[in-house]
Amino acid sequence: MHSFLQDRLQRPPWAIAARHLLLVFAFFIALLFGAGEALAHAVTEGDKGYIQEISGVNLLPFMYLGAKHMVTGYDHLLFLFGVIFFLYRLSHIGLYVSLFALGHSTTMILGVYFNVGINSYFIDAIIGLSVVYKALDNLGAFQRWLGFQPDTRVATLVFGLFHGFGLATKILEYDISPDGLMPNLLAFNVGVEIGQLLALTVILIGMGFWRRTTSFARNAYTANVAMMSAGFVLVGMQLTGYFIS
């Protein structure tokens, strides 16, 4: 037998679990730090300049920017990953993703239209907490701590509202032209939903393969602990930025 396989068989279960935890945690941390400020809500400096220069109705560019926002928005993707982690039926996945989309679409459009902005560090810290909440929910923590299970549909909608405010706050900082504002915002939102579907498809394909292996049951707990840790790191990064800014 190969020495590598022998070594794995001789390891105690806790050592294997710890190794998986470290690997998954390292992945999430690399994702957060590698993305950096340039990808906070996926509005880069280049996009900022473009948004500020154009005026009038520009549906395709704003649709592209919306899709780019979602597929590069690590905070949104982490939350979506947590939401669908234990969902197997497409009808259930569609319900929760629709609630999330309804939440972030509503506050993104209304927040920009009515010029309602929130400190970006503060709102991003709440978004980080949404990742922590969903990981704890997947781990069954609330059932043990509170004696009942909070309605995950309501939580998904509420956190979707916060995610939308996060994007609205960023967009307001870039002073979009009022000429063609509503059509452009609607196009941006359509792009966000397209990007969400693309990202969700990739996540579901990966989850589908993973769920067919025996490692899913063994490492589901580890993955959610790692996701929770990444959420705490995101909260810490945003609060640090808030206090030193």
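Predicted model: local features only at pLDDT ≥ 70, side-chain atom pairs only at ≥ 80, totals over all residues.
Let me begin with the surface, where Val 71, Val 190, Ile 194 and Leu 198 together make a nonpolar patch of about 320 Å². If you ask which element gives the largest share of that patch, the answer is helix 10, which runs over residues 181-211 and supplies three residues. Ile 194 has its place in helix 10, and because its relative accessible area is 38%, Ile 194 is described as partly exposed, since that term covers what falls between the buried limit of under 20% and the exposed limit of over 50%.

Now please look at helix 3, residues 45-53, where you will find Gly 49. Gly 49 also counts as partly exposed, because its relative accessibility is 23%. How far apart are Gly 49 and Tyr 174, in sequence and in space? In sequence they are separated by 125 residues, whereas from C-alpha to C-alpha the distance is 8.2 Å.

My next stop is the loop between helix 6 (90-113) and helix 7 (120-138), which holds Asn 115. Most residues other than glycine have a negative phi, and yet Asn 115, which is not a glycine, has a positive phi of about 55°. Is Asn 115 buried or exposed? With a relative accessible area of 59%, Asn 115 is exposed.

Let me turn to the aromatic rings, for which the count comes to twelve aromatic pairs. One of these joins Tyr 113 and Phe 114 in an edge-to-face arrangement, with 5.1 Å from centre to centre and 85° between the planes.

Finally, I would like to show you two places where an arginine lies over a ring. The charged end of Arg 211 sits over the ring of Tyr 88, at 4.3 Å from the centre of that ring. Which ring does Arg 212 lie over? Arg 212 lies over the face of Phe 209, and here the distance to the ring centre is 5.8 Å.

Technical notes
Residues numbered from 1 in each chain as written. Heavy atoms only, no water. Patch = residues over 30% accessible without salt bridge, like charges linked within 9 Å, V, L, I, M, F, W, Y side chains within 5 Å. Areas by Shrake-Rupley, 256 points an atom, 1.4 Å probe, with all protein chains shown as cover. Salt bridge = Lys/Arg side-chain N within 4 Å of Asp/Glu carboxyl O. Helix = DSSP H or I, 4+ residues; strand = E, 2+ residues; numbered from the N terminus. Buried < 20%, exposed > 50% of the residue type's maximum accessible area, 1.4 Å probe, protein only. Phe/Tyr/Trp six-rings, centres within 6.5 Å; stacked < 30°, edge-to-face > 60°. Lys NZ or Arg CZ within 6 Å of the ring centre and 35° of its normal.
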